[in-house]
Amino acid sequence: MAKLVQLTRTVCRSVKHQSSFTFQLQSRRSSFYFLNKYFTKPWNYSPNPRVSFTSCSYSSVTEEFQSPTTIDYRFVLPEENYHMLANSTIHDLLEKLEEYGDSVEIDGFDVDYGNEVLTLKLGNLGTYVINKQTPNRQIWMSSPLSGPSRFDWDKNAQAWIYRRTKGNLIKVLETELEQLCGKSINLSSA
């Protein structure tokens, strides 16, 4: 059911400004009921396990299933400040990760930075990808341990914070790298 709720959120976000949409979904009858309950026009339903939903008008989803209110980051953090903070953070990480790579013995350890994307390869332990997302004023990170995260600049904390978990980008990386590589790392600027 959680996957269905996530799919519903995704569909609702993608059709917010459209009157109809088409997609297909592997589903059961109970999932059909759930989706049918929150949309105005009946679905085209087939009794076989593969259900095809087509040309459904979007109305609204109840409060409990709506995603958090979106923030227009252009008004929260001016673009020039965002670039300054994000570039500084990524370049600091690049330097510290290169130093860290010299101190750990991991086959395939490699740090690369290009096109505003920092890639940290840990051989068979996985790969981190950290990049800027200018339209959202965020830094995105893909982690082999925690998956994808989107970090926003928090003025009070003076750090990049993931709103869902309140995790600090630097602290998350320090914790995960120590867990993966077996050696602690200090990524803080000070």
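Start by selecting R150 and W140: the charged end of R150 sits over the W140 ring, 4.2 Å from the ring centre. Keep in mind as you click around that this is a predicted model.

**Next stop: the aromatic rings.** Searching the whole structure turns up four aromatic pairs. Pick Y82 and W160. Their ring centres are 6.0 Å apart and the planes meet at 85°, so this pair is edge-to-face. It ties together distant parts of the chain, with Y82 in helix α4 and W160 in strand β8, 78 residues apart. Are these two buried or exposed? Both Y82 and W160 are buried, and W160 has a relative accessibility of 3%.

W153 counts as buried because its relative accessibility is 17%, and the cut-off for buried is under 20%. With all three on screen you have a cluster: ring pairs link Y82, W153 and W160.

Show α4, residues 79-103. Colour its buried residues, among them Y82, L85, A86, L93 and L97.

**Into the core.** Which residues touch the most other members of the largest nonpolar core? They are L93, L97, W160, L173 and L177, out of 32 core residues. Elements giving two or more residues to this core include α4, β3, β4, β8 and α5 (169-181). The largest share, eight residues, comes from α4. For a closer look, centre on L173: leaving out residues up to four places away in sequence, L173 touches L93, Y128, I130, M141 and L187.

**Last stop: S143.** S143 belongs to strand β6 and is buried, with a relative accessible area of 7%. Beyond residues up to four places away in sequence, S143 touches T127, Y128 and E176. Finally, draw two distances from the S143 side chain: one reaches the backbone nitrogen of L145 at 3.0 Å, and a polar atom of the side chain also lies 3.0 Å from the backbone nitrogen of S146.

Technical notes:
Residues are numbered from 1 along each chain as its sequence is written. This is a predicted model: local features need pLDDT of at least 70, side-chain atom pairs count only at pLDDT 80 or more; totals for chains, interfaces and linings use all residues. Side-chain values use heavy atoms; hydrogens and water are left out. A nonpolar core is a set of buried Ala, Val, Leu, Ile, Met, Phe, Trp, Tyr and Cys residues joined through side-chain atoms within 4.5 Å. Buried means under 20% relative accessible area, exposed over 50%, partly exposed in between (1.4 Å probe, protein chains only). Helices (H or I, at least four residues) and strands (E, at least two) are DSSP runs, numbered from the N terminus. Contact means heavy atoms within 4.5 Å. Rings of Phe, Tyr and Trp (its six-membered ring) pair if their centres lie within 6.5 Å; planes under 30 degrees apart count as stacked, over 60 as edge-to-face and the rest as tilted. A charge sits over a ring if NZ of Lys or CZ of Arg is within 6 Å of the ring centre and within 35 degrees of the ring normal. A polar contact is a pair of N or O atoms within 3.5 Å; within protein, one must be able to donate a hydrogen and the other to accept it, and residues adjacent in sequence count only if both atoms are side-chain atoms.
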